[in-house]
Amino acid sequence: MTTFSQDMNRIAISYLRFLISDFRFFSCLLLLIALGGTNEVSGMPSCCAVPPEPASQPASQPASQPSTRPASRPSTRPATQPATRPSSRPATRPAVSRPALPSSLSRALARKDPSRLADKALPRLGALSAGERNELYRRLADWPVPRRVAALAFLQVGTPYALGPLGEMMPPDTDPLIRFDKADCATMNLVAEALAHAATSDDEDPCMIKANYRHEVMSYESRLHFTTDRLDVSPYDSDITRRVGGSHVKSRLVTLNRRQNGSRWIDIDWERERRVDFLPIDFAERFPKMFQAGVLPEAMGVAFVQESRLKDGLDVVHESLLWQGRLLLHGSSRIGRVTTISWKDFLRERGKTYDGVVLFEYL
């Protein structure tokens, strides 16, 4: 009995020691949970929280599986190609070819002498396509303005004469704004002046409107019908009569578009008083020597005056281009086309029909 009691006491003491040790273990466990056992982001226990994905791996794919659709696709284009050009397009684009001028005209332009373009064996201005005119303007772009005007005027030699061939393409004048198949004395100059400022064929109409219309308003009423009025308004012309002639200049006060009988030359509600300066026709014989002396421009406009018409409200009766003081280029109603003649021969044949000349330069 004593032995049994002793054994039971030993068993009780061992169990008590086991309980004490387990109590310490669970106390420590409870303490750890209290100190750090919750997830700070989700509030879930740490054992239930989803482990964070690696920063370089999309969350929707397992960590061990490589991504098949990267966030930004690397370019497969060659390094020398712009990123915006499709990869199927060649790296270099062939140059766009310009329409070539006829070889004969190209060779004549290379000589840099506008008067050579008067040769009717060369293609005329009216025979050139829009693309060929674009190339012509490109070739002339580095020439001074007076030379460009002269070149484009000489290219009109042989053009049939027609009085008043330009209009506004609407009543009362339905003729084209600009054309190359017909010309008169004034429009030969106007076309050459306008085209001298055109970079492409798209500029031809706007340049003609600048050359031939007051305030650049295209209408019959605002057209510059009188040459000396045009010299005051157009940005492409300037009257140089007084600068060249000095004390030899004569002047008359004219009311443009008012005739002595009360009617008008042009049927529009417009008239203007202007002082017209001109040089006597005999003085014009000096022009070749004056050019050699550097007094005259290489190319200049020459308009012809009849004093009887000045009294009747008309400033000039004819206009032309004079090249180097020696060669006259004009639209001739007598011959029926744009033609050239030496200045000396013109004065001998026609000079006595005029009283004087108005001179203008091309700007």
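At 43% relative accessibility, Arg258 counts as partly exposed. First, a word on what we are looking at.

This is a predicted model. The chain has 363 residues, and buried residues make up 41% of them. There are 11 helices and eight strands. Now take the contacts between residues at least 6 apart in sequence. Of these, 61% join residues at least 24 apart.

Back to Arg258, then, and to salt bridges. How many salt bridges does the structure hold? The count is 26. Arg258 takes part in one, with Glu271. The closest N and O atoms of that pair are 2.4 Å apart. Where do the two residues sit? Both lie in the loop between strand 2, residues 250-256, and strand 3, residues 272-280. The pair therefore ties together parts that are 13 residues apart in sequence.

Is Glu271 buried or exposed, or in between? Its relative accessibility is 33%, so Glu271 counts as partly exposed. Glu271 also forms a salt bridge with Arg264. Here the closest N and O atoms are 3.3 Å apart. Arg264 is partly exposed, with a relative accessible area of 33%.

Next, Arg259. The side chain of Arg259 meets that of Asp312 in a salt bridge, 2.8 Å from N to O. This pair links distant parts of the chain, 53 residues apart. Arg259 is in the loop between strand 2 and strand 3. Asp312 is in the loop between helix 10, residues 307-310, and strand 5, residues 318-323. Arg259 is partly exposed, at 27% relative accessible area. Asp312 is buried, at 10%.

One more item on charges. Which residues are linked in a network of salt bridges? Arg214, Asp229, Asp232, Asp239, Arg272 and Arg274 are.

Now to the helices. Two packed helices are described by the angle between their axes and the distance between the axes.

Pair one is helix 2 with helix 3. Helix 2 covers residues 103-110. Helix 3 covers residues 130-140. Helix 2 and helix 3 pack at an angle of about 15°, with their axes 11 Å apart. That makes helix 2 roughly parallel to helix 3. The crossing of helix 2 past helix 3 is right-handed. On the helix 2 side, the contact uses Ser106, Leu109 and Ala110. On the helix 3 side, it uses Leu136, Arg139 and Leu140. By class, this contact has four nonpolar residues, one polar and one charged.

Pair two is helix 3 with helix 4. Helix 4 runs over residues 145-154. The angle is about 145°, and the axes are 10 Å apart. Helix 3 passes helix 4 in a right-handed crossing. Which residues meet here? Leu136, Tyr137 and Leu140 come from helix 3, and Arg148, Ala151 and Leu152 from helix 4. They divide into five nonpolar, no polar and one charged.

Leu136 and Leu140 of helix 3 meet helix 2, and Leu136 and Leu140 also meet helix 4. So much for its contacts; what of burial? In helix 3, the buried residues are Gly131, Glu132, Arg133, Glu135, Leu136, Tyr137 and Leu140. Against which helices do the buried residues of helix 3 pack? They pack against helix 2, helix 4, helix 5 and helix 6.

Helix 5 spans residues 185-195, and helix 6 spans residues 204-212. Their axes come within 8 Å and cross at roughly 125°. Helix 5 and helix 6 are therefore oblique to each other. Helix 5 passes helix 6 in a right-handed crossing. Helix 5 brings Leu190, Val191, Ala194 and Leu195 to the contact. Helix 6 brings Glu204, Cys207, Met208, Ala211 and Asn212. The residues of this contact divide into seven nonpolar, one polar and one charged.

Last, burial in helix 6. The buried residues of helix 6 are Glu204, Cys207, Met208, Ile209, Ala211 and Asn212. Their packing partners are helix 3, helix 5 and helix 7, residues 227-233.

To recap the two themes. On the salt-bridge side, Glu271 pairs with Arg258, and Glu271 pairs with Arg264. On the helix side, the buried residues of helix 3 pack against helix 6, among others. That's it from me.

Note on methods
Residues are numbered from 1 along each chain as its sequence is written. This is a predicted model: local features need pLDDT of at least 70, side-chain atom pairs count only at pLDDT 80 or more; totals for chains, interfaces and linings use all residues. Side-chain values use heavy atoms; hydrogens and water are left out. Axes are lines fitted to C-alpha atoms, for helices over the stretch in contact, and angles run from 0 to 180 degrees between N-to-C directions. Helices (H or I, at least four residues) and strands (E, at least two) are DSSP runs, numbered from the N terminus. A crossing is left-handed if the near helix is turned anticlockwise from the far one by less than a right angle, and right-handed if clockwise. Contact means heavy atoms within 4.5 Å. Ala, Val, Leu, Ile, Met, Phe, Trp, Tyr, Cys and Pro count as nonpolar, Asp, Glu, Lys and Arg as charged, and the others, Gly among them, as polar. A salt bridge is a side-chain nitrogen of Lys or Arg within 4 Å of a carboxyl oxygen of Asp or Glu. Buried means under 20% relative accessible area, exposed over 50%, partly exposed in between (1.4 Å probe, protein chains only). Angles under 35 degrees count as roughly parallel, over 145 as roughly antiparallel, 65 to 115 as roughly perpendicular and the rest as oblique.
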